[in-house]
Amino acid sequence: QPQLVESGGGLVQPGGSLTLSCVASGFSLDYPAIGWFRRAPGKERESLSCITSDGITNYADSVKGRFTISRENANNTVFLRMNNLKPEDTGLYYCGNEGLRCSGSFNFWGRGTQVTVSS
């Protein structure tokens with residue numbers, strides 16, 4: 001059964017950094033596009049970034065220049081490096097399978113990892 005497991009969240013001060021990991025099992029990351037999205041209380045789901053199998057990336061305006069997505073297909077892992085974190089980045093972060101291309105629609109996703117940005 002295909003699964004995605006996120007990790008790397010935590011509590012960080014404003015201006016700090018975190019790197020989230022997304023490990024796939026039950027399927028190969030050689031083909032699908034993988035994206036990150038987040039949910040925060042009182043806000044709609046927000047797609048943050050996506051990376052295709054050949055390394056094409058996109059970013060939401062809210063994170064462009066601060067977040068970097070990357071993948072290591074050999075380790076079936078996708079990363080999201082988050083720099084200069086802000087309190088409004090607080091939320092539950094998920095990675096999901098977007099199929100063959102970055103579409104903002106997810107076939108399935110993991111259970112999420114909590115990111116809290118607070119002083």
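Which residues do ring pairs link into a cluster? They are Phe37, Tyr94, Phe106 and Trp109. Keep in mind that this is a predicted model.

**The aromatic cluster**

The count of aromatic pairs comes to 4. Take Phe37 and Tyr94: their planes sit at 10°, under the 30 degrees cut-off, so this pair is stacked. Phe37 is in strand β4 and Tyr94 in strand β9, which puts the partners 57 residues apart. Both are tucked away: Phe37 is buried at 0% relative accessibility, and Tyr94 is buried too, at 10%.

Phe37 also pairs with Trp109, this time edge-to-face. Trp109 belongs to strand β10, so the pair ties β4 to a part of the chain 72 residues away in sequence.

| Ring pair | Centre to centre | Angle between planes | Geometry |
|---|---|---|---|
| Phe37 and Tyr94 | 5.0 Å | 10° | stacked |
| Phe37 and Trp109 | 6.0 Å | 85° | edge-to-face |

The charged end of Arg45 sits over the Phe37 ring, 4.9 Å from its centre, while that of Arg39 sits over the Tyr94 ring at 5.5 Å.

Nonpolar side chains tend to be buried together in soluble globular proteins. Here, the largest nonpolar core has 24 residues, and Trp36, Phe67, Val78, Leu80, Met82 and Tyr93 touch the most other members. Elements giving two or more residues to this core include β4, β7, β8 and β9, but β3 gives the most, with 4.

Phe67 is worth a click in the viewer: beyond its sequence neighbours within four places, its contacts include Leu48, Tyr59, Leu80, Met82 and Tyr93, plus the charged Arg38, Arg81 and Asp89.

Conventions. Residues are numbered from 1 along each chain as its sequence is written. This is a predicted model: local features need pLDDT of at least 70, side-chain atom pairs count only at pLDDT 80 or more; totals for chains, interfaces and linings use all residues. Side-chain values use heavy atoms; hydrogens and water are left out. A nonpolar core is a set of buried Ala, Val, Leu, Ile, Met, Phe, Trp, Tyr and Cys residues joined through side-chain atoms within 4.5 Å. Buried means under 20% relative accessible area, exposed over 50%, partly exposed in between (1.4 Å probe, protein chains only). Contact means heavy atoms within 4.5 Å. Rings of Phe, Tyr and Trp (its six-membered ring) pair if their centres lie within 6.5 Å; planes under 30 degrees apart count as stacked, over 60 as edge-to-face and the rest as tilted. A charge sits over a ring if NZ of Lys or CZ of Arg is within 6 Å of the ring centre and within 35 degrees of the ring normal.
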